Amino acid sequence: MTSSDLADTPVDLSSCDREPIHRLGLVQPWGFLLSATNDGTIRHASANVTEHLSLSPEAVIGRRLDQVLERSALHDIRARLQGLHGNHQTDRLFSLNLIAGQPPYDVAVHFAPSQVPVFVIEAEPSAPEPRFDAVGTVKGMMSRLLRAKDLTGMHDRAARQVRAVLGFDRVMIYRFGADGTGEVVGESRSERLDSFRNLRFPATDIPKQARALYCRNWLRLIENAEAAPVPILPAPTPGEAPLDLSSSVLRHVSPVHIEYLRNMGVAASLSISIMRGDELWGLIACHHAEPLLPSFQRRSAAELFGQLYSLQIESLERMETAQHDADARAAHDRVLAAVSADEDLSRSLQRIAEEMRQLIPSDGIVIRAASHIEHFGSTPDEATLNGIITALNRDDASRVFATREIASLYPPAAAQAETAAGMLVIPISRASRDYLILFRREMLHQIAWAGNPEKVATPGATRLHPRRSFEAWQQLVRGQSAPWLDAERRMAEALRVTLLEVVVRLSATVADQRRSTNDRQELLIAELNHRVRNILALIRALVSRSRESAETLESFVTVLNGRIQSLARAHDQLTDDRWGPVGLRGMIESEFHAYLGDSQQHRINLAGPPVLVEPQALTVLALVMHELATNAAKYGALSDRYGVVDVRWELKPDNTLLLRWRERDGPPVVPPNRRGFGTTVIERSIPFELQGEADIHYSREGLEAEFIIPARFVQLGVETPQATTTLLKRTQALRVSGTAMVVEDSTLLAMDAEEILLELGFDKVEVVGTVSAALSVLRRLGNQLAFALLDVNLGEQTSLPAAEALHAAGIPFAFATGYGTGLELPPKLAEVASVVPKPYRRQDIADLVGRTLGCDEEEAAGSTP
């Protein structure tokens, strides 16, 4: 179906959910598309192949691929296709010599669902960026992400870094709610665009089938919403379905979505899926006011970051779930202890109510058990309560039920919303319809929508048109309580098992024996269900963290996540010491700190002289320490409450370093059945990469290991303490504010400088990579610009014209340069500009800002008089 066909199709308000956006038969024009059968016969071609192959589509269709594309390129493409499994996996090839006599292309390949098996080749002219390090960029992005203090800060850092890599005007972290609506929970934007932070978007803005495609295809780019689409030829015959473009990179855009972007003032957009397991958690949504096509390399790096970001969110939410489960188990023990100590029904119920209100905040509780009802706090009157219980009895009484609006279940309850507007119902038994009900009062609140949600679309003459206004629209909500969180529901389900056992204990009479039997059966079923869920969750966690031998992207990301953190910590120490020797003790402490908080550091015993490790050996040692610490935390001495790890080192007479690792007082150690990647790192890294020695013993009392590091990699010295506290003091003492600018053509260094300046106190940092962009920021902000940090060498130009313009405007600036102390500046700039050589530390930038803005030395150093 073409775009004109869609425009001529009468639709109603649900048409967006039925629009076949994966079978539009159109692609975007920045690349071309070919599909072929397994024998290489071309079945489809986009109409613009003439621009790339110098052959008309009619001349291409029906020929073999090896007649139009280079054989060596086809060999590489088929090798990648061999590694794909299923119809929704995509692989990429960069700078491929696809067409004889033409510059290289970036290529994406996938299989498309079809009656006749076909694969799809999509190609775009390669835009090589030799100075862009995709792996280093993603590693640096994750390192910064993990330094966030909370989830909100993590979302903002993610948005800021994706914007720095891809160059969009606005990047949002967009989270889906249970009802399909979306909320912007993190944002980084240009001044020329309005903020959407904390605004809510209706579920109809992203239809169901679009969300389904986001689950299959991690990244979606619209380079120019106004660009004329390119049809895929030949057009389908009557009864034939167009080519399925679910996994296509070039798939064109629905006319409704084009109009939606136009109304929003967006010319280019890019979305990266944020997944939690198989579910779509949200999106990293990017907008730009003009057409924009980031290179395939940058898009791929951003996609990998999105996958790692998804894992980090899932990890944090799993930790939260584990904490709630632990709280529920502790509450179970306290409730049972209370009932055992006091068999009086009324007093037992009161104890239970007090315990529940501590675990799940509520304004009132009603407990109905064995025809006995107890009220605590703010609850509905008797008539309304009986009506609510009657309504509950009509439904399934075996599951926890929660609602923010009781009136949706029992309309007469609306009159008592000020007393009880929402409820969480925990069934205690089926036979007698006993319940524990937690109530919450009405919470008047406003929802800030991006436009009126009741006018999400207006039917036009022939098709649906999206809303035109995205200005904040306030909706006052009445008759609802505060929401019941997923964690609270899970805790209620866990406590339901406890309450079933309580009911069984309180059933003392012969008349209750039959009901007690049923309740015991319910208890066993609920307990079995609870245990099965825990086992399944454990299996899922083990699978997601133990597939080290697999070669899929998912397994790569899983293993990479922890090791990236270890390498990032080592990298931070190297940069703090100007890539000189790094203290061994500090490196080991940083690895343990990832597993143990400050309160658990007494379980680690470190002893040895102040040894410094050379940079070329630090990452090897850091990975080995990371794997040892990981194993200790999972299976060894740190996996319980009592184990201890001793790490001791000494310099032998020949100046080689002897490093001993001993675990004790932990669970019994059993040698591993197989040699995983982590074991390989521990046993082989130091002998292979450093020509040292490694000796591992799986003693039953605890793992023992000895490593010998050659003398050329170590030296005796004075270890430098970490600069975190110093930086914090400097940040507090400098008292900077306003907007700063970073002029830097390296994405990694630009993000580092931006992060440091924000930590020092600047409200905002404008990051640009060229002199023209810097001058544009200066013209736009003028005297609002408080400070500028300039890299001297910007590829084929220098930042000196920008420095001269800043000097003429009276705006403080400084240079961070790779020329070191040998930098020669024009006399008028040398008199006013401070310089810091690369690589620099956070402390260096703090000193630089202090000197440039006129802070005295004591204030810049963060010292007190």
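A contact here means heavy atoms within 4.5 Å. By that criterion, among contacts between residues at least 6 apart in sequence, 67% join residues at least 24 apart. The model is predicted. The protein has 865 residues, of which 51% count as buried, and its secondary structure comes to 25 helices and 37 strands.

**Surface**

- The accessible surface of the protein comes to about 40,000 Å², and carbon and sulfur atoms account for 51% of that area.
- Leu151, Leu316 and Met319 make a nonpolar surface patch of about 250 Å².

**Open sheet of seven strands**

- Seven strands form an open sheet in the order S1-S11-S3-S2-S6-S5-S4, and their pairing is antiparallel.
- The edges of this sheet are strand S1 (26–27) and strand S4 (90–96), each of which pairs on one side only.
- In general, strands of a sheet pair through backbone hydrogen bonds, in either a parallel or an antiparallel arrangement.
- Strand S2 (residues 32–37) and strand S6 (residues 118–125) run antiparallel and are joined by six bridges.
- Thr37 stands opposite Val118 in S6.
- Helix H5 (residues 71–82) packs on the sheet, where it touches S4, strand S5 (105–112) and S6.
- The direction of helix H5 makes about 155° with that of S4.

**Salt bridges: overview**

- A search of the whole structure finds 27 salt bridges.
- One network of salt bridges links Arg157, Arg160, Glu754 and Glu755.

**Salt bridge Arg170–Glu187**

- The side chains of Arg170 and Glu187 form a salt bridge with an N to O distance of 3.7 Å.
- This pair links distant parts of the chain, with Arg170 in strand S7 (residues 170–176) and Glu187 in strand S8 (residues 182–189), 17 residues apart.
- Arg170 and Glu187 are both buried.

**Salt bridge Asp646–Arg664**

- Asp646 and Arg664 form a salt bridge in which the closest N and O atoms are 2.8 Å apart.
- Asp646 is buried, its relative accessible area being 9%.
- Arg664 is partly exposed, with a relative accessible area of 34%.

**Salt bridge Glu766–Arg780**

- Glu766 and Arg780 meet through their side chains in a salt bridge of 3.5 Å, N to O.
- The pair links distant parts of the chain: Glu766 is in strand S32 (residues 764–768) and Arg780 is in helix H21 (residues 771–781), 14 residues apart.
- Glu766 has a relative accessible area of 8%, so this residue is buried.
- Arg780 has a relative accessible area of 40% and is therefore partly exposed.

Key: Residues are numbered from 1 along each chain as its sequence is written. This is a predicted model: local features need pLDDT of at least 70, side-chain atom pairs count only at pLDDT 80 or more; totals for chains, interfaces and linings use all residues. Side-chain values use heavy atoms; hydrogens and water are left out. Patches are made of residues with over 30% relative accessible area and no salt bridge: like charges are joined within 9 Å, nonpolar side chains (Val, Leu, Ile, Met, Phe, Trp, Tyr) within 5 Å. Accessible areas come from the Shrake-Rupley method with a 1.4 Å probe; for residues, only the protein chains shown count as cover. A salt bridge is a side-chain nitrogen of Lys or Arg within 4 Å of a carboxyl oxygen of Asp or Glu. Helices (H or I, at least four residues) and strands (E, at least two) are DSSP runs, numbered from the N terminus. Buried means under 20% relative accessible area, exposed over 50%, partly exposed in between (1.4 Å probe, protein chains only). Two strands pair if DSSP finds at least two bridges between them. Axes are lines fitted to C-alpha atoms, for helices over the stretch in contact, and angles run from 0 to 180 degrees between N-to-C directions.
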